[in-house]
Amino acid sequence: MPEGITPENLMNNIMDTFSDKIHKQNSGSFSVEEKSVGAQFNKLFGRQKPIHNILGGGKSADVLLWRNKKISASVLGAATAVWVLFEWLDYNFLPLVCFGLTICIIGQFIWAHLLGGSPPRLVLSDELLERIATTVGGEVNRALGFLQSVGSRGDIKQLAIVCGSLITAAIIGTWCNFWTVIYIGFVAAHILPVVYEKYDDQIDNAVYNVLGKLQNNYSKLDASVLSRIPKATGKKYA
């Protein structure tokens, strides 16, 4: 053992080094936990589940998130073909359906009588129809309930956001027809989720920055204008 170093000093140096390592590991774990908690709170709209689960999971979410690129591309291509037929080629919905049914009937006749085969029959099950009706009816009732709650709750901020969104949708509707609006929404449903899944952190930060600026502007507007508007006192007259 070198001179000037006693067994006590050696043990103290070893213990100090060991305690420093433990302190660094603990501080590192705390920083990782803080980052994970901060990332959880910074998710858009308080999102805690993956975007695949938010979209309902299953095959529909797989199509929207391009899990199978061939199926997603086929669905988007079919929607594009329908939009081109109605928008660019000026087809109307009723004549197109009638022509399609005519072709199907003629094909069934040729298959059954000229080719001597048994043509397939397309039958929609009652369970499928009931499920579609239940899903559509539930979404319509949810939308109606939300609009009624916005109108009766008395929250001016939420009322302004909803009315502004509806007016924006109405303005967009004046620029293009119904089929174009549906097609834009369909394309957005196939592009925005996959982009958000890939760049969710950057999008969350940008959205929260914009929301923070809007909240500051709303606070200034509330302090200067909205707070001066007299509120109803609720007096009852005989």
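Colleague: At what angle do helix α8 and helix α9 pack?

Modeller: About 100 degrees, with the axes of α8 (residues 178-198) and α9 (residues 200-224) 5 Å apart. That makes α8 roughly perpendicular to α9 (65 to 115 degrees counts as that). Axes are lines fitted to C-alpha atoms over the stretch in contact, with angles from 0 to 180 degrees between N-to-C directions.

Colleague: Which residues make the contact?

Modeller: V195, Y196, E197 and K198 of α8, with D200, I203 and D204 of α9; contact means heavy atoms within 4.5 Å. They divide into 3 nonpolar, no polar and 4 charged.

Colleague: And how do α6 and α7 cross?

Modeller: At roughly 135 degrees, with the axes of α6 (residues 126-153) and α7 (residues 156-175) coming within 8 Å. F146, L147, V150 and R153 of α6 meet Q158, L159 and V162 of α7. That set has 5 nonpolar, 1 polar and 1 charged.

Colleague: Switching topic, what about confidence?

Modeller: This is a predicted model, where local features need pLDDT of at least 70, side-chain atom pairs count only at 80 or more, and totals for chains, interfaces and linings use all residues. Numbering runs from 1 along each chain as its sequence is written, and side-chain values use heavy atoms, leaving out hydrogens and water. Mean pLDDT (the predictor's confidence in each residue, from 0 to 100) is 76 for the chain.

Colleague: Where is confidence lowest?

Modeller: In helix α1 (residues 7-41), at a mean of 48. Residues 21-41 stay under 50, with 3 contacts beyond four places in sequence. Where pLDDT is low, the predicted coordinates should not be read in detail.

Conventions:
Helix = DSSP H or I, 4+ residues; strand = E, 2+ residues; numbered from the N terminus. Parallel < 35°, antiparallel > 145°, perpendicular 65-115°, else oblique. Nonpolar A, V, L, I, M, F, W, Y, C, P; charged D, E, K, R; others polar.
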